[in-house]
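Subject: Structure handover

Hello,

Here is the structure we spoke about. Please open it beside this message; my notes follow below.

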Amino acid sequence: MKAIYIKKLRKQIKLLHTLAIACHPIGMTLIGFVFLFTFSYLTILPKSYKFIVLSMVVCFTILIPLAGIFLYSRINRLKNRDLGTRNKRTVIYSLTLFPYISCLYLIYRFNMPGSMIGILVSATFTLIVCTLANLFWKINIHMAGLGFLIGIIFKAAAMLRLGVPLLYTLVLAF
């Protein structure tokens with residue numbers, strides 16, 4: 001009886017771990033851009049342009065922050081349990097924030113559409129708020145990332161004038 005309970009508990013923990021990885025805030029910007037390229041007026045852009053933009057977004061919002069966090073954790077020998085310290089979390093948030101600001105600057109300088117700039121402004125603002133809130137409280141950045149993604153979906157639905165049932169379907173799909 002106890003072995004069955006432990007097996008079920010391990011499956012639940014594995015499912016929750018998978019969901020935490022899938023809902024990681026670092027990937028929410030990429031999901032927002034894919035959503036934008038799939039369901040908006042930007043579908044008419046050439047595939048090569050979309051590939052270049054998505055590559056830039058992946059580099060600046062996923063690869064560079066993860067490399068910085070990895071190096072920081074290697075240098076300081078951090079483990080997940082060490083992230084309970086406010087100072088160490090603030091450094092990690094800052095390591096993520098600077099590449100986001102760089103990506104926002106590049107997209108702005110390349111005169112890309114306002115909806116792309118809006119996604120990056122929202123993501124950067126979310127990170128700034130999370131970093132500042134971290135100075136006082138321990139917050140769940142995964143929920144902030146999901147809130148950011150739901151905000152993108154609502155903005156896109158308003159932009160595309162989607163009906164309410166379709167909007168709720170999109171929100172529930174995520």
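How many residues does H5 have, and what distance does H5 reach from its first C-alpha to its last? H5 has 21 residues. The reach is 30 Å, close to the 30 Å expected at 1.5 Å a residue.

One caution before the rest. This is a predicted model. The average pLDDT of the protein is 79. Of the residues, 78% score at least 70. Confidence is highest in helix H3 (residues 47-76), at a mean of 89. It is lowest in helix H7 (residues 164-173), where the mean is 58.

Overall layout

The protein has seven helices and zero strands. Read from the N terminus, the order is α-α-α-α-α-α-α. The protein has 174 residues, and 35% of them are buried.

Helix H2 spans residues 25-39, which is 15 residues. H2 reaches 21 Å from its first C-alpha to its last. The expected value at 1.5 Å a residue is also 21 Å. Its buried residues begin with the run Pro 25, Ile 26, Gly 27, Met 28 and Thr 29. Gly 32, Phe 33, Phe 35, Leu 36 and Phe 37 complete the list.

Back to H5, residues 114-134.

Helix H4 covers residues 86-109. Two of its residues are worth a look.

Ile 92 lies in H4. Ile 92 counts as buried because its relative accessibility is 14%, and the cut-off for buried is under 20%. Ile 92 and Pro 65 are 27 residues apart in sequence. In space, their C-alpha atoms are 8.6 Å apart.

Tyr 105 is also placed in H4. Is Tyr 105 buried or exposed? Tyr 105 counts as exposed, at 51% relative accessibility. The cut-off for exposed is over 50%. Its C-alpha is separated by 9.8 Å from that of Val 121, 16 residues apart along the chain.

In helix H3, see Leu 63. Leu 63 counts as partly exposed, at 48% relative accessibility. The C-alpha atoms of Leu 63 and Pro 99 are separated by 9.5 Å. Along the chain, these two are 36 residues apart.

The loop between H4 and H5

Asn 111 is found in this loop. Its phi is near 55°, a positive value in a residue other than glycine. Most residues other than glycine have a negative phi. Asn 111 is exposed, with a relative accessible area of 68%.

The surface patch and the aromatic pair

Which residues form a nonpolar patch on the surface? Ile 128, Leu 132, Leu 135, Phe 136 and Trp 137 do. Together they have about 540 Å² of accessible area. Trp 137 sits in the loop between H5 and helix H6 (141-160).

Phe 136 is at 58% relative accessibility. Trp 137 is at 56%.

A search of the whole structure finds two aromatic pairs. In one of them, the rings of Phe 136 and Trp 137 have their centres 5.8 Å apart. Why is this pair tilted? The planes are at 55°, so the pair is tilted. Under 30 degrees would count as stacked, and over 60 as edge-to-face.

Best wishes

Conventions
Residues are numbered from 1 along each chain as its sequence is written. This is a predicted model: local features need pLDDT of at least 70, side-chain atom pairs count only at pLDDT 80 or more; totals for chains, interfaces and linings use all residues. Side-chain values use heavy atoms; hydrogens and water are left out. Patches are made of residues with over 30% relative accessible area and no salt bridge: like charges are joined within 9 Å, nonpolar side chains (Val, Leu, Ile, Met, Phe, Trp, Tyr) within 5 Å. Accessible areas come from the Shrake-Rupley method with a 1.4 Å probe; for residues, only the protein chains shown count as cover. A salt bridge is a side-chain nitrogen of Lys or Arg within 4 Å of a carboxyl oxygen of Asp or Glu. Helices (H or I, at least four residues) and strands (E, at least two) are DSSP runs, numbered from the N terminus. pLDDT is the predictor's confidence in each residue, from 0 to 100. The expected span of a helix is 1.5 Å times one less than its number of residues. Buried means under 20% relative accessible area, exposed over 50%, partly exposed in between (1.4 Å probe, protein chains only). Rings of Phe, Tyr and Trp (its six-membered ring) pair if their centres lie within 6.5 Å; planes under 30 degrees apart count as stacked, over 60 as edge-to-face and the rest as tilted.
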